[in-house]
Amino acid sequence: MCIAGSVGIRVVRHVIGSKALIWILQLNFVHAMESLQARVDSFLKSKRIRKAAKSNSTSTTVKWSHPASFNANPQTLAEAGFYWAPSWEDRDSVTCFLCRKELSDWNEEDDPFQIHWEKCGRSCAWAMLRCGLSQDIADDGR
Ligand SMILES: [Zn+2]
């Protein structure tokens, strides 16, 4: 994302005031994590993380640590819009490619679609369209 882009969005919002149009503009931004495959791949490679200590910089390499049996696995997380972006403190931290929401501390039962929808359903087009839709299907299917 570039700063110029968000300035542009603010101008459009001011002039038109249409949320739907703003979302479409956001979706049109080219971003490396836009594709599902790029997000899935982000979980498969080990990553180097750095401790944010000023004097003594420590770093280590980490891998996605949760088993595939978790509801939140690379495939479901990627489909829910997230890519893996670990930090020293939150090694299972993921970020939404669109709204930049960061989520971590995943438990076995956590459903990335449901959580993204609950936290960002009003502000993130991906949460609304992809995650909200799958919530509807899940609710109707029971
Ligand atoms: Zn989002």
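From the N terminus on, the elements of the protein chain follow the order α-α-α-β-β-α-β-β-β-α-α. That makes 6 helices and 5 strands in the protein chain. The model is a predicted one. The protein chain has 142 residues, of which 20% count as buried. Contacts between residues at least 6 apart in sequence were also examined. In the protein chain, 48% of these contacts join residues at least 24 apart.

The largest nonpolar core was considered next. This core holds 21 residues. Its members L77, F82, Y83, V94, C96, C124 and A127 touch the most other members. Several elements give two or more residues to the core. Two are the strands β3 (82-84) and β4 (94-96). The others are the helices α4 (74-79), α5 (112-120) and α6 (125-141).

F82 illustrates how these parts meet. Its neighbours within four places in sequence are left aside here.

R100 is not a glycine, although its phi is positive, at about 70°. R100 is found in the loop between β4 and β5 (102-103). Is R100 buried or exposed? R100 counts as exposed, because it has 11 C-beta neighbours inside 10 Å and the cut-off for an exposed residue is 12 or fewer.

D105 is the second case. Its phi is near 60°, again a positive value in a residue other than glycine. D105 lies in the loop between β5 and α5. D105 has 9 C-beta neighbours inside 10 Å, so D105 counts as exposed too.

Note on methods: Residues numbered from 1 in each chain as written. Predicted model: local features only at pLDDT ≥ 70, side-chain atom pairs only at ≥ 80, totals over all residues. Core = buried A, V, L, I, M, F, W, Y, C linked by C-beta atoms within 7 Å. Helix = DSSP H or I, 4+ residues; strand = E, 2+ residues; numbered from the N terminus. Contact = placed C-beta atoms within 7 Å.
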